[in-house]
Amino acid sequence: MPNITSLTAGDTLPGRSYRPDNVQLFLYNAALWNAHRIHYDHPYATGVEGYPGLVIAGPMIGEWLAQCVVGWLGEAGRLVSFEYSNRKAAIIGETLRSGGTITAVHPELREATIDLFIWNESDEVIAPGTAIVRFD
Amino acid sequence: MTALLGAEHLANIGRQAALKREVVTRRDIRKYSVATGQTLRKYLDGDEAPPLYHVALFWDVVELDQLTPDGVSIDSLIPRLPLERAMAGGLKIEYHRPIRPGDVLVARRTLTNLYEKQGSKGPLIFYEVVMKVETETGEPVITEKTTRLLR
């Protein structure tokens, strides 16, 4: 588990790769009750909305950014705040990668600020994020 | 500037949605955790909700005839706007305390901003909704600002 006293700005968090399939995307949208056709109706997603395929849900990508933090932090502390934006659509069949970099450490507050990223296979950041964590 | 938004649209800023009240169940947390590929046992076992679980918890449960032909539910908080194709935007969240099974949570949503911008592929309308999630006894749980885009 990470420790606030041994953190330095510039340290990186372990990332993970994601290759969601139709089944995972279906279960995610079912859990939300989200029926937007771009996630399961291929002719609609490509023909009507002009995407190259079925679109991976934006807030699921947001969850993967947060996952990068909570997976690293474990029980050492908690998430205080988190923000992200979806900059570019990701399509089923793509492999995405998550990762993070510590940008500031505030020992007096027992807090650290982390920049988060989801990259696509072209190394474009499709979803940037920022989190603040507080150590116990 | 094309001025897609008129005074009749902007008058909706500040509008509040009807209160939503939801019960958190272990089963729903587990389903959400599996679907989002969680690795921590506390999420997969449903002991605690992952960071964006409240997005699923408070997603509108609409009836089939309330969905638009593209399968999107119309957010009653948002006025009818000149652009209608929804795209994901982003979230900004403050966490006050974890969500656990058995919690009864209340969400208050307010439309806090509505504006337009010229995007690289045409005009975009942005709107911001602040959602305050509390327990039934008023303990703060999450404060969230959602930004969504229409093209």
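**Entry 1: where the chains touch.** I began with the contact between chains, keeping in mind that this is a predicted model. I found 29 residues of chain B in contact with 29 residues of chain A. On the chain B side, the elements that give two or more residues are helix H2 (26–35), helix H4 (53–57) and strand S2 (86–95). The largest share comes from S2(B), with 8 residues. I also sorted this side of chain B by residue type: 17 nonpolar, 7 polar and 5 charged.

**Entry 2: the core.** Next I asked which residues have the most contacts inside the largest nonpolar core. They are A:Ile61, A:Leu65, A:Val69 and B:Tyr53, in a core of 56 residues. Helix H3 (residues 58–73) of chain A supplies the largest share of this core, 9 residues.

**Entry 3: one residue up close.** I picked A:Leu65 and left aside its neighbours within four places in sequence. That residue is in contact with A:Tyr84, A:Ser98, A:Leu116, A:Ile118, A:Ala127 and A:Gly129.

**Entry 4: helix H3(A).** Is this helix buried or exposed? I see that 14 of its 16 residues are buried, so H3(A) is largely enclosed by the rest of the structure. Then I checked the length: at 1.5 Å a residue, the 16 residues of H3(A) should span 22 Å, and the end C-alpha atoms are 23 Å apart, which agrees. I also noted a bend of about 25° in H3(A) at A:Ala66. After H3(A) comes A:Gly74, with a positive phi near 55°.

Key
Residues are numbered from 1 along each chain as its sequence is written. Chains are lettered from A and ligands numbered from 1 in the order in which they are written. This is a predicted model: local features need pLDDT of at least 70, side-chain atom pairs count only at pLDDT 80 or more; totals for chains, interfaces and linings use all residues. Two residues are in contact if their C-beta atoms, placed from the backbone, lie within 7 Å. Helices (H or I, at least four residues) and strands (E, at least two) are DSSP runs, numbered from the N terminus. Ala, Val, Leu, Ile, Met, Phe, Trp, Tyr, Cys and Pro count as nonpolar, Asp, Glu, Lys and Arg as charged, and the others, Gly among them, as polar. A nonpolar core is a set of buried Ala, Val, Leu, Ile, Met, Phe, Trp, Tyr and Cys residues joined through C-beta atoms within 7 Å. A residue is buried if 20 or more other C-beta atoms lie within 10 Å of its own, exposed if 12 or fewer, and partly exposed in between; C-beta atoms are placed from the backbone. The expected span of a helix is 1.5 Å times one less than its number of residues. The bend at a residue is the angle between axes fitted to the seven residues ending there and the seven starting there.
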